[in-house]
Amino acid sequence: MSDERPLPLRGIRVLDAGTVIGAPGVAARLGDFGADVIKVENPGTGDTTRAFGWRVGGVALWWKLLGRNKRPITLKLSHPKGRNLLLRLVEGADVLIESFRPGTLERWDLGPERLLERNPKLVVVRVSGFGQTGPYAHRPGFGTLAEAMSGYSHISGDPEGPPLLPPVALADEVAALLGAFATMVALYHRDRNDGPGQVIDLALFEGLFGITGPVAVAYDRLGLVSGRHGNRLPYVAPRNTYRTVDDRWIALSGTSQSIADRILRAIGRGDLASDPRFATNEARVQNVEQLDEVIGEWVGRHTLQEAMAAFEAHEAAAAPIYDIREIFADLQYRSRGTLVRVPDEELGDVVLPEVQPRLSETPGAVRHAGLPLGAANAEVLGGELGLSEDEMDTLRREGVI
């Protein structure tokens, strides 16, 4: 775990009313750096990730990751009493994060105007598939749809194959990073300039579209519709994966001229650096099939260990393609503590990724994994809002908490 220095966002309170991955991911990243994150969940069912994917003894491992550093409470926001309790929490909060379908909070009389009326300094983060406006706003919005409509899947995959969806929640994870960044910008403006709270409208499809590179300007100026190139890039060569004789894989990237030359020297073909077909990046891109054939033939005659030794000796840009077992065993991961074992009251302890990025003076910390549903009800609703045990019993019977 990270050291015990004070966490930089201590004193910031976040209400996480989001579900699944994108919105809760925003809150998790704020919690990593010390924000007090109160996770607001529907009683009985909780966040979708509590019943998502792999489990141990009925406990979902996705929740252990996304619920880290959060205090879970239950509130039925569609119930008037649940709404009133949320509004009381809003009065003392800095940030509220939600991912209901656009219009849902307004239908419950919990729209941004009502929230900001209750707390004019509040930052409201709204995560949705297509944003709060536009003709698609009210469609169900999941990361898969964003990955399709952002253009990302169109350029992902082999040239002769179908478009590929990513095997991770890419649109959600990108949105989580953008949302955490936007929240800090809003808090800085509020606190540095004595500004008001504001609303952040974060659409999954826009966030992912934003990382697809210069495809928009290339279409605008060149009429270019970029297609699929497999593991290659249309503007850099070599860049691919190559299979070794012991059935492992190496990734190579010759983004700069010097690195491309080192790759050729590493495979014993330094003579090709002056070959007109490979002497410049533009030439290598035009002759990428021949280049990949040369590299692939050499890699295919060597084991992973042999090939990596040659590339490292020539300071070429190469890396083995790891699975999770190899990540756990790798010396670089171990030396940097990229995997951290944290306490968990249900599973004893669990291994999670350490907080990223690393800050020299104010590093973050994973203090605990996701807690059971409603674990902080007594602490937050009783201890902080002042509800008596009789009042909480009544709310339980009514299905409010």
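A residue is called buried when its relative accessible area is under 20%, exposed when it is over 50%, and partly exposed in between, using a 1.4 Å probe and protein chains only. By that scale V168 is exposed, with a relative accessible area of 53%. The structure is a predicted model, in which local features need pLDDT of at least 70 and side-chain atom pairs count only at pLDDT 80 or more, while totals for chains, interfaces and linings use all residues. Residues are numbered from 1 along each chain as its sequence is written, and side-chain values use heavy atoms, with hydrogens and water left out.

**The chain as a whole**

- The secondary structure of the protein chain comes to 17 helices and 13 strands, where helices (H or I, at least four residues) and strands (E, at least two) are DSSP runs numbered from the N terminus.
- Along its principal axes, the C-alpha trace spans about 80 × 50 × 40 Å, and buried residues make up 45% of the 401 residues in the chain.
- Of the contacts with a separation of 6 or more, 68% are between residues 24 or more positions apart, a contact being heavy atoms within 4.5 Å.
- The chain exposes about 20100 Å², of which carbon and sulfur atoms supply 55%; accessible areas come from the Shrake-Rupley method with a 1.4 Å probe, and for residues only the protein chains shown count as cover.

**Strand 6 and its neighbours**

- Strand 6 covers residues 95-98, with V95 and I97 pointing one way and L96 and E98 the other way, and all of these residues are buried.
- Strand 1 (residues 13-17) runs parallel to strand 6 and is joined to it by four bridges, in which D16 has I97 as its bridge partner; two strands are taken to pair if DSSP finds at least two bridges between them.
- Strand 7 (residues 123-128) also pairs with strand 6 in the parallel sense over four bridges, and there E98 stands opposite R126.

- Helix 7 (residues 170-192) has 23 residues and reaches 33 Å from its first C-alpha to its last, close to the 33 Å expected at 1.5 Å a residue, where the expected span is 1.5 Å times one less than the number of residues.
- The buried residues of helix 7 include L170, A171, V174, A175, T183, L187 and R190.
- An α-helix has 3.6 residues a turn, so residues three or four places apart point the same way.
- The buried residues of helix 7 pack against strand 6, strand 7 and strand 8 (198-203), and also against helix 1 (22-32), helix 6 (143-149) and helix 8 (204-209).
- D194, whose phi is positive and near 50°, follows helix 7.
- V168 has its place in the loop between helix 6 and helix 7; V168 and R334 are 166 residues apart in sequence and 23 Å apart in space, C-alpha to C-alpha.

**Salt bridges**

- A search of the whole structure finds 33 salt bridges, each defined as a side-chain nitrogen of Lys or Arg within 4 Å of a carboxyl oxygen of Asp or Glu.
- The side chains of D36 and R13 meet in a salt bridge at 3.0 Å, N to O; D36 lies in strand 2 and R13 in strand 1, so the pair ties together parts that are 23 residues apart in sequence.
- D36 is partly exposed, with a relative accessible area of 23%, whereas R13 is buried at 19%.
- D292 counts as buried at 8% relative accessibility, and R232 as partly exposed at 22%.
- R248 and E326 form a salt bridge at 2.4 Å, N to O, which links distant parts of the chain, with R248 in the loop between strand 9 and strand 10 (249-253) and E326 in helix 14 (residues 324-329), 78 residues apart.
- R248 is partly exposed, with a relative accessible area of 25%.
- Salt bridges that share partners join R13, D36, R71, E379 and E384 into one network.

**A nonpolar surface patch**

- W54, V56 and L61 form a nonpolar patch on the surface, with about 330 Å² of accessible area together.
- Patches are made of residues with over 30% relative accessible area and no salt bridge, with like charges joined within 9 Å and nonpolar side chains (Val, Leu, Ile, Met, Phe, Trp, Tyr) within 5 Å.
- W54 lies in the loop between strand 2 (36-41) and strand 3 (55-56) and is exposed, with a relative accessible area of 68%.
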